[in-house]
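Please consult the sequence and the coordinates shown below while reading.

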Amino acid sequence: MPHHSRARRHKAARLAALASIAITALLPTLSSHASDPLPPLSDAPTLFRNVNVLTMTEPGVKSGWSVLVVGGRIAQVGPIDAVTPADTLQNLTIIEGDGNAWLIPGLADMHVHMPPYEPGNAQHEAAAFRACTLLLANGITTVRGMVGHPSHPRLRQAIADGSLLGPTLHIAGPPIHQGIAKTPEEAQAAVRQHAKAGFDFIKSHRVVQEEVYRAVQTTAAELGIPVTGHVDNEVGITVAMEYPQQQEHLDAIPAALIADPNAASQFGQIPPGPVLNVIDTNRLPELAKKLAAAGIWSVPTLSLFETILDQNTPTAELMARPEMRYIVPQAVGQWAEQRNATKFPALWGVDYGQRAAALRKQITLALADAGVGLMAGSDSPQFFKVVGFSLHDELASLAGSGLGTERALACATSNPARYMDSLPNRGSATGVPPDFGSIAPGKRADLVLLDADPTININATRRIQAVMLRGRLIPRAELDALLAEVERSARPPFNQEPPLKSDL
Ligand SMILES: [Zn+2]
């Protein structure tokens, strides 16, 4: 057994003993990576040996494979015998999976609200630490910030240079809405300003005039910066398809399923009871085909809307969820108030919420079946959706909508990478390539080790034994220690920052 002898020559660590692996402090940026916009956090070699690998480049699980990481990149992937670390490799850490561990690419959450990050502001620093840690501890190694703040380029940089341990951040600019862009000229100016400030995306949010919407799209296209966000019913999905704009929350799709177009503009993102009754899902396959042909990418954010539409679960039960311990109590209190103040009219029927949520799942499945690119976004934090944990809720909702486990996993791994690769700026204003989302040679070493098979039960993505971020291994014990620090930080007297802005 040559591999056993190899294992003996190196420092071996069994999966069960992961907690005992000594992790060196964050390595400073190495000079050989000076020009890399996203240098590795560790150059140390790691071998994941005899694990079950979801490569996401091919369907299914590869049993009894090994993955070698060197210099923060995946160096080799294949059957145990085919992965052969060079004898010259120094200090190889071996994670022995014994066939009972599953290795998946680091997850991407494409819709997160990151906190502001002004220099020297201790409350901002504490909030950024909490957000980044909750994301990492949940296996999320790539994030797209969807409510931009002028300080976010700084947050992106702090993560990139390793001074803040967090998922690789892509940022949309501050939302462009009718309050700041009433005319095409104002819209152009806002897009130019956000592009110049170094944001990776333009965020469209409540742009209701078609000429203003078109000005956002054409200006962004000229500058080579992609647009993401809302598509309001007043503008409509047909106009969005022309560009095509990457679309959040299944916006404007329910309206497009109504035969009478006059009914369309009379609601926002959630069709009220009477509108729900006139939505014709027979129109769905045809519309989904058009969306696929237009090359629209969609982030359905199913789980958040399910929570909003669910009026059966007692608020106290939501407040008692284990992940609420990581949230400042004021925020949980606000969510409870918000929920108790939202009651659907009895006239809409006792099953209104369930029917509205079921429509969203039906639309999602139709889009997937037609070949529309789908991505996972949690839209957290808001309304009992805690950053990090809520991406696993979203994966469960995607799988449960009929996509199944592997298509759901693609929404948080290979699909976001493919989407970003299709964009004029490849999803990054700073030149960070979209080399994540699959386990293949050359990809960034962003990995998650699980102790159960997520293709059998999607909730296995919550059973995280270790996370690797840009080559740096973070074992379960270290994740737990970080989470304990988040819990402390969310309690008085450390949690005095203003409540997080709620914004779909
Ligand atoms: Zn949002």
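What is the handedness of the crossing of helix 4 and helix 5?

## Packing of helices 4 and 5

In this predicted model, helix 4 and helix 5 cross in a right-handed manner. Helix 4 spans residues 184-196 and helix 5 spans residues 210-223; their axes come within 8 Å and cross at roughly 35°.

Helix 4 contributes Pro184, Ala187, Gln188, Val191, Arg192 and Ala195 to the contact, while helix 5 contributes Glu211, Val212, Ala215, Val216, Thr219, Ala220 and Leu223.

## Burial of helix 3

Helix 3 (residues 152-160) has His152, Pro153, Leu155, Arg156, Ile159 and Ala160 as its buried residues. Viewed down the helix axis, these residues fall within an arc of 160°, and they therefore line one face of helix 3. In an α-helix, residues three or four places apart point the same way, because there are 3.6 residues a turn.

The elements covering the buried residues of helix 3 include helix 2 (122-137), strand 8 (140-145) and strand 9 (168-171). Gly162, which follows helix 3, has a positive phi, near 85°.

Five strands form an open sheet in the order 10-11-12-13-14, with parallel pairing. Strand 10 (202-204) and strand 14 (373-374) are the edge strands, each pairing on one side only.

Strand 10 runs parallel to strand 11 (residues 227-229), and three bridges join the two. Within this pairing, Ser204 has Gly229 of strand 11 as its bridge partner.

Terms used
Residues are numbered from 1 along each chain as its sequence is written. This is a predicted model: local features need pLDDT of at least 70, side-chain atom pairs count only at pLDDT 80 or more; totals for chains, interfaces and linings use all residues. A residue is buried if 20 or more other C-beta atoms lie within 10 Å of its own, exposed if 12 or fewer, and partly exposed in between; C-beta atoms are placed from the backbone. Helices (H or I, at least four residues) and strands (E, at least two) are DSSP runs, numbered from the N terminus. The arc is that of the directions from the helix axis to the C-beta atoms. Two residues are in contact if their C-beta atoms, placed from the backbone, lie within 7 Å. Axes are lines fitted to C-alpha atoms, for helices over the stretch in contact, and angles run from 0 to 180 degrees between N-to-C directions. A crossing is left-handed if the near helix is turned anticlockwise from the far one by less than a right angle, and right-handed if clockwise. Two strands pair if DSSP finds at least two bridges between them.
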